[in-house]
Amino acid sequence: MMKVGRNDPCPCGSGLKYKKCCLGRERFEIKDAAAAYAEKYRIRIKAKVDVEGIRQAGRLVLEALDLVESQIEPGMATDEINTIVHEYTVKNGGVPAPLNYRGFPKSVCVSVNEVVCHGIPGDRILNAGDIVNVDITTILDGYYADANKTFFVGTPGPDARKIVAVARESLRKGMSMANPGNTIGDIGWAIQTYAEEQGCSVVREFVGHGVGFEFHEPPQIPHFGQKGQGIRLIPGMVFTIEPMINLGQKGLRILDDNWTAVTLDGSLSAQFEQTILVTEEGCLSLTPYELA
Ligand code: MF3
Ligand code: CO
Ligand code: CO
């Protein structure tokens, strides 16, 4: 171990003098950890300017979700939701990330009832009593934000109410664990424990993910798991939590369109997603909406 002088190049690699950079323990640890996480896990820790960019993209996502919510009604085709999201996003200088992403043909995922996720907007008509998840990812000035909500169409029945309430609370439980010092496993553990206590099941095939510079970055964030397992969370990590919760069994299959995931048993599935920033104090949503 060698002592770094105040005027020596900073060991974090910034090119600045140590006294102008990481001198003072806290910042040193942060820069050091960012380099280590990039090297070990390919996780890209976000700087303040990046966080602000993602937050701006997130604002467009939330506004588009609100716009959809205000227009959802029985008799509407899911493709009309695509039109609303696409036009709103483009008009406000954004790019809908799903469009042409790995061949996805539309600008938003719209998943009705037994559809778990990745529903392709089309001719399907929304009926009173349906639940519909609208998953929006927007690119603004190069930054990605990703969020979704499950809406009621008309007046929900008891099963619809139940699965939407459990999915919403599952996201809240996951977010409550997204604090520095906790692990990725703590998030999945909290979600799985709660959802299964409620007699529901957690989808395994799709997980949350790092986001911001790209649509899907490391790390993966499973919505199931064990306390204390996995990567430790540090400030500057930005990722989604997006539990898909089924009223029946967890199994799913993919339809012939190669995208639409549906529950194997035909039971209802619901989901809520936000883009989360881990801070020094805890966590903050960059796509905040009420989960109460
Ligand atoms: N928005 C989804 C997610 O939460 C991903 C959709 S991929 C797409 O990660 F191609 F279907 F858009
Ligand atoms: Co996502
Ligand atoms: Co999403």
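His118 sits in the loop between strands β3 (115-117) and β4 (131-140) of this predicted model, where helices (H or I, at least four residues) and strands (E, at least two) are DSSP runs numbered from the N terminus. The phi angle of His118 is near 60°, a positive value in a residue other than glycine. His118 is partly exposed, with a relative accessible area of 23%; here buried means under 20% relative accessible area, exposed over 50%, and partly exposed in between, with a 1.4 Å probe and protein chains only. Residues are numbered from 1 along each chain as its sequence is written, while chains are lettered from A and ligands numbered from 1 in the order in which they are written. Because the model is predicted, local features need pLDDT of at least 70 and side-chain atom pairs count only at pLDDT 80 or more, whereas totals for chains, interfaces and linings use all residues; side-chain values use heavy atoms, with hydrogens and water left out.

His118 also belongs to the lining of the largest pocket, where His118, Phe206, Val207, His209 and His216 lie nearest the centre among 25 lining residues. On a 1 Å grid over the protein atoms alone, a pocket is an open set of points where a 1.4 Å probe fits, with protein on both sides within 12 Å along at least five of seven lines, and lining residues have an atom within 4 Å of a point. The volume of this pocket is about 510 Å³, a volume being the space filled by probe spheres set on the points, which are joined across faces, edges and corners. Strand β8 (217-221) gives the largest share of the lining, four residues. The lining holds 12 nonpolar, seven polar and six charged residues, where Ala, Val, Leu, Ile, Met, Phe, Trp, Tyr, Cys and Pro count as nonpolar, Asp, Glu, Lys and Arg as charged, and the others, Gly among them, as polar. Strand β8 also contains Pro219, and the peptide bond from Pro218 to Pro219 is cis, with omega near 0°.

His209 leads on to the metal ions. The cobalt ion (ligand 2) is coordinated by Asp146 (OD), His209 (NE2), Glu242 (OE) and Glu273 (OE), at 2.0 to 2.2 Å. Donors are N, O and S atoms within 2.8 Å of the metal (3.2 Å for Na, K and Ca), and water is not among the atoms, so sites may look incomplete. Asp146 coordinates both ions, which are 3.3 Å apart. Asp146 is buried, with a relative accessible area of 2%, and Glu242 is likewise buried, at 8%.

A second pocket has a volume of about 360 Å³. Its lining comprises 14 residues, of which Lys46, Ala47, Lys48, Val51 and Gly236 lie nearest the centre. Helix α2 (48-71) and strand β14 (274-278) each give two or more residues to this lining, and α2 gives the most, with four. In the loop between α1 (25-41) and α2 lies Arg42, which has a phi near 60°, again positive in a residue other than glycine. Arg42 is exposed, with a relative accessible area of 59%.
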